[in-house]
2 protein chains.
Amino acid sequence: MIVEEQLIDAALRSWKSNADRTEKFFHALSEEQLQQEVAPGRNRLLYLWGHLASVSDGMLPLLGIGPRLHPELEATFVTNPDRSGTTLFTASAIKQAAAEIDRELWSAFTKWTATEWIAKHTAVSDEDFVREPHRNRFSVLLSRTAHMAFHYGQVVLTKPRE
Amino acid sequence: MIVEEQLIDAALRSWKSNADRTEKFFHALSEEQLQQEVAPGRNRLLYLWGHLASVSDGMLPLLGIGPRLHPELEATFVTNPDRSGTTLFTASAIKQAAAEIDRELWSAFTKWTATEWIAKHTAVSDEDFVREPHRNRFSVLLSRTAHMAFHYGQVVLTKPRE
């Protein structure tokens, strides 16, 4: 691999390892366990699972891959806080949606060349991108990886202490 | 900037923004507030601050920059869990150590070429690196950025809800 491919490979491994540990964590839980809060009065696990799925879904249009696959998640898990009385989703609905979204993202991620990775994302105009070339797809990948890690750090607080 | 420099620039921005928000969070707290736990029975804020500082310190030898600047933090904040009765550190001692470590890392980070970034880190042998070229400095940067985000997600749980 040439240098730029190695840099991208490292970022994809980081995304994947964060996505895998998050998925593994949620898959091991019952509907009842998913009702736990990460700390008193804070978000429930089910909310954070749906939140991560919906934020990933938003990466599809943001990165120019295509439309959201599950736009129905956004109101409940992004626009509104937990327990807002918005539509209820079961764990199995979130699980299926998250898996579809992850597959769609990964399929694009593993095809792009380095030049495609540093192309602008769709939320920045051509003019702004000239001044701010760091607003590219690769930056989105890194910031969303950190976002996943941020919430993963929260959800593991519900694990019994070793 | 050429492609590989843009990829590195994105990763450095991600490291920096995570380091900055973490520092800003801890700097705003009193010694008393730093005694708060992120969740009942879980790590205290002071412990996590020292933990992040010591893990960053360990990046100095791992990345071949030099020896640890604050090896005295490791036993208290990495090897042992919180409240182990090991040496006590004040917030101001951690603050100063963290700032020194961050400066030292940043100074190296901003000098390396792309080829230096994909060079092996010091915890992998030459033979293993041939088979596993992803065990490079850039991967360490990304995994430590995610590690910071992981704990930042926890510490912000102590903020009053908006």
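**Figure 1. Packing of helix α2 against helix α4 in chain B of the predicted model.** The axes of α2 (residues 45–62) and α4 (residues 91–109) of chain B come within 9 Å and cross at roughly 30°. Because angles under 35 degrees count as roughly parallel, α2(B) and α4(B) are described as roughly parallel to each other. The crossing in which α2(B) passes α4(B) is left-handed. On the α2(B) side, the contact involves Leu46(B), Trp49(B), Gly50(B), Ala53(B), Ser56(B), Asp57(B), Met59(B) and Leu60(B). These residues meet Ala91(B), Ile94(B), Lys95(B), Ala98(B), Ile101(B), Asp102(B), Glu104(B), Leu105(B) and Phe109(B) of α4(B). By class, 11 residues of this contact are nonpolar, 2 are polar and 4 are charged.

**Figure 2. Packing of helix α2 against helix α7 in chain B.** Helix α7 comprises residues 137–155 of chain B, and its axis lies 11 Å from that of α2(B), at an angle of about 175°. With angles over 145 degrees counting as roughly antiparallel, α2(B) and α7(B) are therefore roughly antiparallel to each other. Helix α2(B) contributes Leu45(B), Leu48(B), His51(B), Leu52(B), Val55(B), Met59(B) and Leu62(B) to the contact. From α7(B) come Val140(B), Leu141(B), Arg144(B), His147(B), Met148(B), His151(B), Gln154(B) and Val155(B). The contact of α2(B) with α7(B) consists of 10 nonpolar, 4 polar and 1 charged residues.

**Figure 3. Crossing of helices α1 and α2 in chain B.** The axes of α1(B) (residues 3–27) and α2(B) come within 11 Å and cross at roughly 145°. This crossing is left-handed. Trp15(B), Thr22(B), Phe25(B), Phe26(B) and His27(B) of α1(B) contact Leu45(B), Leu48(B), Trp49(B), Leu52(B), Ser56(B) and Met59(B) of α2(B). Of the residues in the contact of α1(B) with α2(B), 8 are nonpolar, 3 are polar and none is charged. Met59(B) of α2(B) also takes part in the contact with α4(B) and in the contact with α7(B).

**Figure 4. The interface between chain A and chain B.** Chain A and chain B each place 37 residues in the contact. Together the two chains bury about 3,200 Å², of which 65% is on carbon and sulfur atoms. Leu7(A), Arg42(A) and Leu157(A) supply 20% of the area that chain A buries against chain B, more than any other three residues. The count of salt bridges across the interface of chain A and chain B is 0.

Figure 5. Over all chains, the count comes to 18 salt bridges.

Key: Residues are numbered from 1 along each chain as its sequence is written. Chains are lettered from A and ligands numbered from 1 in the order in which they are written. This is a predicted model: local features need pLDDT of at least 70, side-chain atom pairs count only at pLDDT 80 or more; totals for chains, interfaces and linings use all residues. Side-chain values use heavy atoms; hydrogens and water are left out. Axes are lines fitted to C-alpha atoms, for helices over the stretch in contact, and angles run from 0 to 180 degrees between N-to-C directions. Helices (H or I, at least four residues) and strands (E, at least two) are DSSP runs, numbered from the N terminus. Angles under 35 degrees count as roughly parallel, over 145 as roughly antiparallel, 65 to 115 as roughly perpendicular and the rest as oblique. A crossing is left-handed if the near helix is turned anticlockwise from the far one by less than a right angle, and right-handed if clockwise. Contact means heavy atoms within 4.5 Å. Ala, Val, Leu, Ile, Met, Phe, Trp, Tyr, Cys and Pro count as nonpolar, Asp, Glu, Lys and Arg as charged, and the others, Gly among them, as polar. Buried area is the accessible area (1.4 Å probe) that two parts lose on being put together, summed over both. A salt bridge is a side-chain nitrogen of Lys or Arg within 4 Å of a carboxyl oxygen of Asp or Glu.
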